Amino acid sequence: MADVKSLSGVTQAIAASALKAQQARMRIIAENLANASSTSRTAGGDPYRRQIPVFQPTTVAGATGVSMARVEPDPTDFKSVYQPGNPGADPKGYVKEPNVDPLIEALDMKEAQRAYEANLNVIETARAMESRTLDLLRK
Amino acid sequence: MISALSAAKAYATMQKAAGLEAGDGTAETAGLGGGFSDVLKSAMTDAVKASRTAESQMTAHVQGKAELVDVVTAISAAETSLETVMAVRDQVISAYQEIMRMPI
């Protein structure tokens, strides 16, 4: 959106920025879930590290919207599993597994879904308010 | 629709004639007439611009260059501005018709 003038348009632009941010978050969740069992390819190396999206307030159409600022790695420890036959195992036979918990990702996904729906409702309500106002002109 | 438009035109002509006869009211009447047509013109320009943006967003989305959210908000903005212009236009034309129906 290049130039938004009406207040309702600004509201919708802000909600749209939130929709985009939630979609970006969904992308990160997808990456985390897809790599939930991506172990290291080299012996004793680190596996996939869980990524965390970081949101920040951003100016959208002259108001404060939201955008994904950056993606940060989750610093929590990896789980070690005894698997001597695994190509990624260290000399003692332990393989580091990603610090991705599918349960947490599922909850994150639910949260992203709810936030997305909430912002869709914002757009819907803003539009409904605008069209109800316009209905005053119609008989 | 044509009758409504001609009514509006007739009203504008009458307004101009009345303004000329009134003498000192000329500038004001002309200013008012110009003011309204300017408002309608700028509203229409905005609506056209909004629908152009919507169209370019649609094209970009088809080419895989734009987010669906942007396309939807652009289309929604275009729809709203066009609806506003239409509602205002209908209202004004009905006002003109109301005046034309006035017994002289």
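Chain B and chain A of this predicted model together bury about 1400 Å², 54% of it on carbon and sulfur atoms; buried area is the accessible area (1.4 Å probe) that two parts lose on being put together, summed over both. On the side of chain B, V69(B), T73(B) and Q91(B) lose the most area to chain A, together 33% of what that side buries. The contact (heavy atoms within 4.5 Å) takes 16 residues from chain B and 15 residues from chain A.

Two salt bridges are found across the interface of chain B and chain A, a salt bridge being a side-chain nitrogen of Lys or Arg within 4 Å of a carboxyl oxygen of Asp or Glu. R127(A) forms a salt bridge with E79(B), with the closest N and O atoms 3.2 Å apart. Helix 2 (26-62) and helix 3 (68-100) of chain B each supply at least two residues of the side that touches chain A; helices are DSSP runs (H or I, at least four residues) numbered from the N terminus. The largest share of that side, 13 residues, comes from helix 3 of chain B.

The axes of helix 2 (residues 102-135) of chain A and helix 3 of chain B come within 10 Å and cross at roughly 10°, the axes being lines fitted to C-alpha atoms over the stretch in contact, with angles from 0 to 180 degrees between N-to-C directions. Helix 2 of chain A is therefore roughly parallel to helix 3 of chain B (angles under 35 degrees). In this pairing, Y116(A), R127(A), E130(A) and L134(A) meet residues of helix 3 of chain B including V69(B), S76(B) and E79(B).

Residues are numbered from 1 along each chain as its sequence is written, and chains are lettered from A and ligands numbered from 1 in the order in which they are written. Local features need pLDDT of at least 70, side-chain atom pairs count only at pLDDT 80 or more, and totals for chains, interfaces and linings use all residues, while side-chain values use heavy atoms, with hydrogens and water left out.

Conventions. Parallel < 35°, antiparallel > 145°, perpendicular 65-115°, else oblique.
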